[in-house]
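Subject: Structure for you to look at

Dear colleague,

I am passing on the structure we spoke about, and my notes follow below it. Please read them with the structure open beside you.

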Amino acid sequence: MSIDRSFAYRKIIDRLMLGLTTICALLAVALLLIILGYIAVRGFSALNLDFFTQLPKPIGEPGSGIGNAIVGTLILIGLACLFGLPIGIFSGIYLAEFGTGRFGTALRFLTDVLTGVPSIVTGIFAYTLIVLPMRRFSAIAGGVALAVIMIPVVTRVTEEMMRLVPRSLREAALALGAPQWRAITGVVVRSAIGGIATGVMLAIARIAGETAPLLFTALGNRFWPRSLDEPIASMTVQIFNYATGPYEEWHRQAWAGTFVLVTMILIINVAVRLLTRSRHGTAG
Amino acid sequence: MLKPDELQLKLTAPGAATDLTGRSANLGDRIFKSVTLLFAVGVIAIVALMIIEMARNSTPAFHKFGFSFLVSSIWDPVQERFGALPFIYGTMVSSLLALIISLPLSIGTAIYLAEQAPAGLRALVSFLVELLAAIPSVAYGLWGIFVLAPFLRQHVEPALSSTLGFLPLFRGPTHGIDMFAGGLILAIMITPIISAVSRDVLMAVPQSQREAALALGATRWEATRVALSYARSGILGAVILGLGRALGETMAVTMVIGNRPETSLSLFDPSHTMASVIANEFTEATSDLYRSALIEIGLLLFVVTIIVQAIARLLVWRVSRGLKEESA
């Protein structure tokens, strides 16, 4: 009798706890949908063509836009790739091919350290390294800050993708008499390039949404970008300024800007997801 | 026959390649390795430079205030007197609050994903939860200001203060823009990382553990608890990883926490964190001492997050490696 009751009790606990974990998962997904829903509804209703093509205008004047900030964000991403991709990809190749010793372990650890650095600290770093000596805020400083965020992501993804390439491919190249560097660049990197490219896209999606490292490096600008050694507008900083400002019109534009930014980032994430799933199982 | 490793050794060892592929290939290999090494050293240089630059630029504040910087709660840019205590306190409390709120949610989600979800649904739900991590911080902040804060002010906080108001935590007027909102938005932001890492750790637990429990007559929940206790240090690592994220998170917190340098017990009071004071005041810092005080806070934040991340990664690495070796 008592055994039966304790079994029933255990059954109830079983159902209860498993039910609770399902509710947790539902809640997490619901949070995503709620946040995306607000951004979609409030952002989309504030969108129009001028928003993409015009400069910010004073309050009350119609046809205000963030065209300069969209261009600015693209320029900043370009600069970050220019500075960050060579370091990220080559150090990833080093880790995959030669990173077996103690130096490799240390490098892997430091790469992880760099991943964990708060992005605001990256901003301070770029400020002391670029802004102070140049004595001005600039697009270059913003690009350096974003590159520092991008590098560890690209390094790790390059290493992982190169390790996925079957050993036999490399051995085949070596057996055909190819020197090691030709086997690496011509066979291993070429096989891994698709995976590396998707990793780079994810890194771009990540830095496109960064605000903190740009606050006191790229600063912001009301006009179209003219030169890389001047302050430059970015979508994220513009959204931040609009959101924390006092005007209803600014808030509307902040929602619209967020909608554009989040749409961009989500498209990259979903595309990468679809691409990697068709290539190798559940990775990504 | 040579094993691949030995073959590579032969190819990279000076002189050896002459026999196999000729001298020029050997030179090419050496150049290639040097080039990749050069860029790899670049990564190390960045970390080193980061520490050097921040230490150098924070020396004025360190010389002036010494260790009293850490315990003084006076933050007066006009008089040029700086103490970081309110910010350290704000960072600690907001991160702790985020962990407390996020913990049940993310562990529950991880258990659902690893133990329960049907295979087709698992990939989809995992992806959706991880998408929470892809939303930019500034978007969370915007949502926090205009949706979460008014909701807290009108519904949640009055309810909390009328039921739990006897605790000093839930006293005072409700603003919506306060420590509570900061902790809550952080909790949402760290949920994807804690649940994703915990899920991976749980899925690395050998199936035999659960099967053994089930064979002994355990219910599914009891078998899950066996798996949980098997994976506990990895899950601890996941939680600490989330903590590291919460400590350094800047924009969303800055936008909802109220930005007032006070140490108040009540969660309904505006507050400030180490990251948010840097974001707010760095461009306004006109004097060298002011700026160096902010950089010192940045250095402090850097050191703390690095230590936290290192502990977390060690835990997660050890567990998932150990589990893989055992199950192999």
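In these notes a residue is called buried if 20 or more other C-beta atoms lie within 10 Å of its own, exposed if 12 or fewer do, and partly exposed in between, with the C-beta atoms placed from the backbone. By that count Arg135(A) is exposed, because it has 7 other C-beta atoms within 10 Å.

Please keep in mind that this is a predicted model, in which local features need pLDDT of at least 70 and side-chain atom pairs count only at pLDDT 80 or more, whereas totals for chains, interfaces and linings use all residues. Residues are numbered from 1 along each chain as its sequence is written, and chains are lettered from A and ligands numbered from 1 in the order in which they are written.

On confidence, pLDDT is the predictor's own confidence in each residue, on a scale from 0 to 100. Chain A has a mean pLDDT of 93, with 96% of its residues at 70 or more. Residues 280–284 of chain A have a pLDDT below 50, and in the model this stretch has six contacts beyond near neighbours in sequence. A contact here is a pair of residues whose C-beta atoms, placed from the backbone, lie within 7 Å.

Some loop positions in chain A

Arg135(A), the exposed residue mentioned above, sits in the loop between α5 (119–134) and α6 (139–164) of chain A, and its phi is near 60°, a positive value in a residue other than glycine. Helices (H or I, at least four residues) and strands (E, at least two) are DSSP runs, numbered from the N terminus. Leu219(A) also has a positive phi, of about 65°, although it is not a glycine; this residue is found in the loop between α8 and α9 (235–244) of chain A, and it counts as buried because 21 other C-beta atoms lie within 10 Å.

Ala178(A) belongs to the loop between α7 (167–175) and α8 (180–208) of chain A. With 19 other C-beta atoms within 10 Å, Ala178(A) is partly exposed, and apart from its neighbours within four places in sequence it is in contact with Ala173(A), Ala183(A) and Gly186(A). Between the C-alpha atoms of Ala178(A) and Ile268(A), which are 90 residues apart along the chain, there are 37 Å.

Domains

The bounds given here come from an automatic or database domain assignment. In chain A they give domain 1 (2–45) and domain 2 (52–279), whose centres, taken over C-alpha atoms, are separated by 35 Å. Five residues of domain 1 of chain A are in contact with five residues of domain 2 of chain A, and on the domain 1 side these divide into three nonpolar, one polar and one charged. For these classes, Ala, Val, Leu, Ile, Met, Phe, Trp, Tyr, Cys and Pro count as nonpolar, Asp, Glu, Lys and Arg as charged, and the others, Gly among them, as polar.

Chain B is divided into domain 1 (4–65) and domain 2 (83–327), with 36 Å between their centres, again taken over C-alpha atoms. Nine residues of domain 1 of chain B are in contact with nine residues of domain 2 of chain B, and the domain 1 side has five nonpolar, three polar and one charged residues.

Chain B has 14 helices and two strands, and 49% of its 328 residues count as buried. In helix α10 (residues 220–230) of chain B, the residues Trp221(B), Ala223(B), Thr224(B) and Ala227(B) are buried. Seen down the axis of α10(B), the buried residues fall within an arc of 155°, so they line one face of the helix; the arc is that of the directions from the helix axis to the C-beta atoms.

How many residues does each chain bring to the contact? Chain B brings 77 residues and chain A brings 74 residues. On the side of chain B that touches chain A, helix α3 (residues 23–65) of chain B gives the most, with 20 residues, and that side divides into 50 nonpolar, 22 polar and five charged residues. Arg56(B) is in helix α3 of chain B and counts as exposed, with 12 C-beta neighbours inside 10 Å.

With best wishes

Key:
Two residues are in contact if their C-beta atoms, placed from the backbone, lie within 7 Å.
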